[in-house]
Amino acid sequence: MTATMLGGPATQARPAPPEPTRSIVGLVSKALLLGLTVAIAIWAAFPLIENEQWTGLAVLAATTAALLYLYLTPRHIPLKYLAPGTILLILFQVFPVLYTASTAFTNFGDGHRGSKDEAVVAIQTASVTQVPGSQQYAMTVATTGDPGTGPLVFLVTDPVTRQVSAGDADGLKALDDVTVNAAGRVTAAAGYTVLNAGQASLRSAEITALAVPTPGGAIRSSGLSRAYEGRAGRAYDESCDCVRDTTTGQTWTADENIGAFVGANGERLAQGWKVTVGFSNFTRVLTDSAVAGPFVRTLIWNFGFAIASTGGTFVLGLLLAMALHSPRVRGRTAYRVLLVLPYAMPSFAMLLVWRDMFNTDFGLINNLFGTDVDWFGGSASARLAVILVQLWLGYPYMFLVATGALQAIPRELSEASRIDGASAWGGFRRITLPLLMVALTPLLISSFAFNFNNFNAIYLTTEGAPFPADNPANGATDLLITYTYRIAFGGGGAQYGYAAAISIFIFLIVAVVSAISFRRTRHLEEVHA
Amino acid sequence: MKEDDMRKVAAVLLLTFALAGCGGNDDSPGTQTSKEPKAGGELVIWADDKRSAALKPFADKFGAENGVTVKVQAISKDQQTTFVTASQQGSGPDVMVGAHDWIGNLVQNGAIDPVQLPADQTASFNPNALKAVTFNGQTYGVPYAMENLALIRNTDLAPTAPATIEELVEAAKTPEKLCLQVGQNGDAYHLYPLYSSAGGYLFGTTATGDYDPKDLGVGKPESVQAFRKIATLGEKGSKALKRSITPENSIATFTSKKCAFLVSGPWAITDVKKANIKYDISPVPGFQGGQPARPFLGVQTFYVASKGKNKALAQEFVTNYVTTPELAVALYEAEPRPPALTAAFDQVKTKDTDLEKFVQAGKDGLPLPAVPEMAAIWDPFGKAEAAVVGGADPAQTITAAGKTISSAIK
């Protein structure tokens with residue numbers, strides 16, 4: 001990522017052929033930045049090699065080589081400027097969007113997180129139970145060779161007969177020349193090297209995998225000092241691509257469309273895997289009555305919330321900025337610091353504080369005004385409450401940017417308009433405001449987009465409340481994002497695939513709104529530029 | 001100019017090697033050590049903040065005894081999700097500490113392995129705790145502490161323990177009758193004792209005694225009856241249940257003596273003691289003539305992660321080390337919940353009489369359902385509670401909640 005910060009020293013950017021004498025500082029900083037790029041690339045390469053991600057490695061190598069070439073050649077001047085931004089865009093915008101989009105076509109979620117192989121392993125592991133009536137053995141891990149690499153053997157002591165046997169993948173073999181401690185564990189055996197806990201734990205995966213076959217099942221380790229005779233209740237059968245119960249013979253056949261093993265009666269095994277499900281997540285968004293039913297109502301409130309939050313904070317922030325813009329106000333700096341305070345506090349904590357202030361019986365607001373309003377209990381009051389909170393949290397930002405923009409407007413303009421006979425309001429409306437809007441409209445659009453998806457503002461205060469008695473899934477203050485979050489993560493565990501499909505729909509809505517607004521901004525700029 | 005370019009290339013290459021060299025040295029522990037004959041393997045344990053602090057000395061001791069490195073890492077938020085996601089990516093721990101009702105979800109995600117405890121070990125646990133960690137006939141972890149709701153009362157304001165909820169309402173002379181957290185969106189866990197006393201249930205049970213997700217009790221006539229009774233305690237009734245009593249303020253309201261009765265668990269005791277309130281603990285009372293009020297039993301559990309890098313060591317730690325009373329007592333001292341290990345419980349109950357009372361209050365309790373379908377219950381059920389407490393029609397509300405839940409379970 002730092003790679004993208006090498007915008008190139010300004011000396012490089014001149015279209016004229018490079019002069020022979022160049023500043024040594026420029027050269028050194030360029031070498032440093034390029035060196036850093038390569039170092040980061042090498043650092044990033046190790047995990048890629050380790051995980052055998054050859055495609056990723058090729059992309060990394062190609063990008064690094066291209067960057068080196070680009071900044072070491074005097075040609076391609078425009079590209080030198082574009083490259084850092086483009087890489088940032090790909091890393092932080094395009095890649096997440098593509099990743100979300102690709103997730104939306106899968107059933108990725110609880111019960112469908114891994115691969116089919118992982119599901120099979122999980123099913124088999126979960127089905128291993130102790131053979132009824134069997135005993136647990138005291139066990140010592142040993143080897144016939146080197147402690148680090150030699151073939152592993154379980155030295156197990158029968159709890160009843162105290163007979164010690166050595167077990168490996170071929171089965172059990174009785175041993176005689178052994179030393180056993182009070183607990184029954186072997187401490188030494190002729191021909192074997194006993195592994196201590198540290199040595200054994202380095203070979204953990206092999207120990208877990210080792211099963212010593214017995215007539216009733218297999219002896220497996222339970223930690224490093226005990227073993228039990230276990231039996232897998234379910235086994236995967238490749239010939240029928242199914243899981244079979246070893247006792248009852250019941251089978252569950254793999255269904256690649258839903259990523260689960262399904263029995264004859266339609267019953268699914270809990271451990272499924274991730275598969276591509278096509279457009280089914282998207283059709284589900286459009287046909288799910290829980291989504292479609294209250295969608296329009298939620299969308300209208302969502303727009304209302306975003307517009308009221310953005311507009312309210314803008315008006316309040318601008319009014320305060322103008323009041324403090326007047327040179328007649330004394331102690332302007334002190335006022336400004338005080339006004340910016342809410343902006344300096346973590347909104348996360350402030351939202352929780354506000355939530356408690358709206359409590360009907362114990363909240364500050366009802367206590368202060370002697371009222372008994374059930375703030376989050378009624379639709380209108382709950383909506384008013386969340387907007388008030390947003391107003392408090394958001395006006396300092398608008399105050400700051402409006403102050404900056406006001407200071408950038410030459411005072412002569414308003415003075416000139418006053419001389420020409422314009423009233424204060426007229427001057428503001430015809431001169432100051434249009435100039436302000438040119439600077440502030442993009443900020444308003446981004447603030448709108450932010451508030452449109454302002455998850456925390458709702459989730460940390462009302463959580464969507466109040467909910468109508470007949471629908472606990474959609475509340476009066478729910479935004480699309482909180483409402484769909486509840487659908488995707490509330491009921492059937494986490495459903496990332498479905499959530500991704502929903503977020504694409506929300507993205508489309510915000511994108512359309514932003515596109516329209518930006519078009520209008522350009523119009524504004526053309527008029528006033 | 002050519003020479004200039006050469007100089008640049010040389011400088012870049014030199015720097016590259018220098019930096020890569022530094023990086024290489026930093027990297028080597030991560031990439032190389034697996035081959036180096038180091039003292040022993042590594043065990044990574046994840047727990048919440050409080051417990052990881054209590055675990056630390058024992059983990060170090062286990063490490064020293066066995067010649068291995070043990071790392072205890074505190075996960076302060078969303079432990080279950082963090083664990084499942086990290087496991088899937090291969091960056092999870094070897095041992096996870098968490099609540100037993102995660103089991104269903106952890107199993108369907110292939111995140112935990114069963115543990116095989118010998119008969120003498122299983123006999124050393126409280127049977128309820130062991131039942132809670134049993135899922136589909138397998139034991140999925142080693143329990144170490146239990147918790148359930150009880151009625152904590154201020155003995156200055158309410159000298160005798162009420163036998164029924166009606167008696168409680170009668171006896172309460174404080175501004176708030178009962179501190180039982182409801183909140184704006186309800187709280188199914190805290191309501192359940194009253195719901196069960198009024199005849200409601202969440203899931204039926206199968207022949208083997210497991211919860212049966214196909215038999216959903218929410219929306220059934222029993223649940224409507226139960227919510228009719230709950231409504232009589234609501235804001236339009238005797239005002240024992242109020243939405244303004246939230247998870248954040250219920251204990252504080254009790255400690256500031258604004259209510260005489262608090263329905264909460266062992267975790268509330270620390271605050272109550274700090275406020276110097278004379279208190280006593282008794283079972284949560286049920287409705288007159290109703291069934292006993294059954295609080296949910298929660299069991300804190302050590303899990304062996306399926307995708308851990310050192311499963312053999314993790315199994316050793318969980319089955320042979322966590323089962324020792326010393327550790328259970330230390331964890332009790334970090335947060336006073338009744339230990340699941342009978343020997344540890346006997347050891348601490350003499351100096352902490354509350355423990356026995358909490359266990360007594362949980363006598364009729366039911367293990368919190370560990371089936372993954374339980375995730376679909378919490379939210380709609382809680383909201384139905386909040387609506388009914390606020391005065392909504394019980395039949396309409398609970399039927400809608402049942403519909404929402406069953407469509408989520410499918």
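1. The contact draws 67 residues from chain A and 67 residues from chain B, where two residues are in contact if their C-beta atoms, placed from the backbone, lie within 7 Å. Please keep in mind that this is a predicted model: local features need pLDDT of at least 70, side-chain atom pairs count only at pLDDT 80 or more, and totals for chains, interfaces and linings use all residues. Residues are numbered from 1 along each chain as its sequence is written, with chains lettered from A and ligands numbered from 1 in the order in which they are written.

2. On the side of chain A that touches chain B, at least two residues each come from helices H1 (24-50), H4 (116-127), H5 (197-202) and H6 (204-209) and from strands S1 (128-130) and S11 (226-232) of chain A. Helices (H or I, at least four residues) and strands (E, at least two) are DSSP runs, numbered from the N terminus. H1(A) gives the most, with 11 residues.

3. Now to the sheet: it is open, with four strands of chain A in the order S12-S13-S14-S15 and antiparallel pairing (two strands pair if DSSP finds at least two bridges between them). Strands S12 (234-237) and S15 (260-263) of chain A are the edges, each pairing on one side only.

4. S12(A) and S13 (residues 242-245) of chain A pair in the antiparallel sense over four bridges. A:Ala235 stands opposite A:Arg244 in S13(A).

5. H4(A) packs on this sheet, touching S12 and S13 of chain A. The direction of H4(A) makes about 150° with that of S12(A); axes are lines fitted to C-alpha atoms, for helices over the stretch in contact, and angles run from 0 to 180 degrees between N-to-C directions.
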